[in-house]
Amino acid sequence: MKKEEDDQREESAALQDTGCSVCRSREKSVDGLSCGHWVCSSCSGSDPEQSRSTGARCPVCAVFEEHKLSLKRVLEAEAADGFSDLYISFRDYFSCDRQIKLSNIFKQDTWFMYIRLVLTVGEAGVGKTFSVLKLSLDWAQGSENQDVALVLPLSFRELNLTTGRRYSLLQLIHVFYPSLQLLSPHTLLHSKVLLILDGLDQNRLPLDFSCEVISEVTQGSEVGTLLVNLIRGNLLPHALIWITSRPAAANQIPKRHVDRLTELRGFVTEPQKEHFFRTRFSDTEQCQTVLSHIRSSRCLHTMCQIPVFCWITATVLEHMLRRAQSGPLPQTLTDLYAHFLLVQTQRNRKNGAESRDPELSTADCDVLLKLSRLAFEQLHKGNIMFYQEELQQVGLDLVQASVCSGLCSEIFKQERVIFNKQTYCFKPQSLQEFLAAVYIHHCLNNNDTQVLLSLLGPKRDKECDLSLPEVLRETLDKHHSDLDLFVRFLHGLSLKSGALEPLLGLNKTDQKTIQRVTDNLKTVMRSPASPAKRVSALQCLSEMKEPSVQQMVLDLLESGERLSETQCSALASVLQMSEQVLEELNFRKFKVSSEGKQRLISAVNNCRKAVLSSCSLSVKSCGFLVEALMSNPVHLKTLDLSLNSITDSGVSELCRFLQSPHCQLHTLRLKQCRLSQSSCSALASALKSNPKSALRELDLDHNDLRPDPDLTKLLQDPDLSLKTLRIVRMTWSKPRSI
């Protein structure tokens, strides 16, 4: 406490030495206010001593409060459709993996140095932008991080609009936050600031880390150069910096500048998913029906780990239930987005009433084609935000064209005014990649060679191969990392889609052409391509419902290819989305890191035998394993967790699964797992409480145990299936007469 008081006195003395906190004048008499700022009589509007005694507002604090109120108004409007709690894990230099509260991402641990820059990665739609919104809103509402004087959220999609312009850092802040026009360089430099840069994967500004050094907040330069100097610590060296990105783009920031790497993982537990849907549906019966639909579809259930897919799924299923529609549920990501687009179109037709005609009308197709053209042209330029004149270039007028105003209001979002112009973007942003893929297929089916040539690159001549397999092959080569969803949608739309055919044009693709596309993807899997490209190829094969995709995933995991944790998560999703149940998932064959194996745990719910022995599993790993199994408990028959330090706490997690009436596990091996006698009691209690237990073999050998009467008695129970029990190198079997 004494040290903190000394630090505050030193900081206050330092501020006094620099003069007035507003005008920086050293000629005039300055005095400290109760808030800690030093101001002269000219800037305070009265004598500082009188201001301090009467409690008059400090001019610096007044600027901060105005910004906070302005930010609060904007963010509260945006947060209306918020997600439930998201799971954020971070790993430090020692590869620790733990959960962390969003508000604590800059909190220091005893072994950490000062945390200035945090980089958060996460897949598309996982909730990165929402996390930025939530942290900023919590600050603006006064509930979190009140030691920070200024929180300044900036998105790269907005910063891209500054291309070709020069600003100082202070001018840039004034452009995006007019409420801070009175913010002085001195105040900015000496205040605790949190600068948030959201969406690095959307960045189109050059980030050259060998560029010139800029250390003054009033020094002008290109915006990319300003950002580099902020990241390096040349500008605002004491400011906190938070950057979010998709994993593939995160390497734009050199590791030496990152103090903490975090990952946003979406809804990793069933309660988180259920909480989202219960928040979305006020009708309990309707909510239960929606959850039942999701659980019945392996594909939907897996996709709902991503919050934005939960939102889209809720929109689609709510529409189907309200209209009592029957039919197959979406089986791929492409199917889900196609359903979503049709639902939004039907809900927002010209007459304002929800039409029951599932077919796309000519007017519908006209609007959707214009939106698709806009999506592709702007995506091709690297733009995620656009102005009204760019909408008008493709024939969209949001004010006059009533036929499209309803639809556009649902899938289009008005952003804030920048450079005195209204800006727009798609919502969700991944919809832009889907519509861009729709436009490419429309051009393929209608032989629009000019657009296809622009997609493939400027060096292409008109005589080059513009067939579907060639276009998809080259798109995968060029965009497998930066536009991964666009590539997946392109492949998924290759399959015939009757509902979208009026928009796409007559699909002339035959089975032979589809086979060429899948053969190209399989060639990528056999080639020495990068891991990122191989993972993207597998996701495309999954979108095309290729039955051999599971085996190709296993081959990649066993190949020894160096896969990142994020890539392992993507492969786990591919394994789960398949309707085919794997016979065995043997983690000991997987030549990936321990952290990578942890990410593959969720795939255990789609196999009959899971071997996870000697995989460095922890108590938390057991928790994730049980959550995965509880979501689909009927397939797994054999589970081997031997040679993992799961301890008694891990067994407690497993008991939740054993108590489930849907658990069909026949064999459970827990050899050498550092278990004590209390695990025997817990297992005995779990098996007794579940008369439907199918467990036949329980192996607890090589643990610090003695023969347990509670467990051995279970062998005598004719109502239980347990036949074999191993403890301390001794085996008990159920008597033949029972």
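Biologist: How many aromatic pairs does the count come to?
Modeller: The count comes to 10 aromatic pairs. Rings of Phe, Tyr and Trp (its six-membered ring) pair if their centres lie within 6.5 Å; planes under 30 degrees apart are stacked, over 60 edge-to-face, and the rest tilted.
Biologist: What is the pair F309 and Y337 like?
Modeller: The planes of F309 and Y337 stand at 85° with the ring centres 6.1 Å apart, so the pair is edge-to-face. F309 belongs to helix α13 (residues 307-322) and Y337 to helix α14 (residues 333-347), so the pair ties together parts 28 residues apart in sequence. Helices (H or I, at least four residues) and strands (E, at least two) are DSSP runs, numbered from the N terminus.
Biologist: Is this model predicted or experimental, by the way?
Modeller: This is a predicted model: local features need pLDDT of at least 70, side-chain atom pairs count only at pLDDT 80 or more, and totals for chains, interfaces and linings use all residues. Residues are numbered from 1 along each chain as its sequence is written, and side-chain values use heavy atoms, with hydrogens and water left out.
Biologist: Which residues do ring pairs link into a cluster?
Modeller: The cluster consists of F309, Y337, F434 and F489.
Biologist: New topic. What sits over the ring of W139?
Modeller: The charged end of K68 does, 4.6 Å from the ring centre. A charge sits over a ring if NZ of Lys or CZ of Arg is within 6 Å of the ring centre and within 35 degrees of the ring normal. R265 likewise lies over the face of F624, 5.4 Å from the ring centre.
Biologist: Which residues of α30 are buried?
Modeller: Among them are C680, L683 and L687. Their helix, α30, covers residues 677-688.
Biologist: What covers the buried residues of α30?
Modeller: The cover includes α29 (647-658), β19 (697-699) and α31 (709-714).
Biologist: And how many helices and strands does the protein have?
Modeller: The protein has 31 helices and 21 strands. Of its 738 residues, 56% count as buried.

Definitions and conventions:
The expected span of a helix is 1.5 Å times one less than its number of residues. Buried means under 20% relative accessible area, exposed over 50%, partly exposed in between (1.4 Å probe, protein chains only). Contact means heavy atoms within 4.5 Å.
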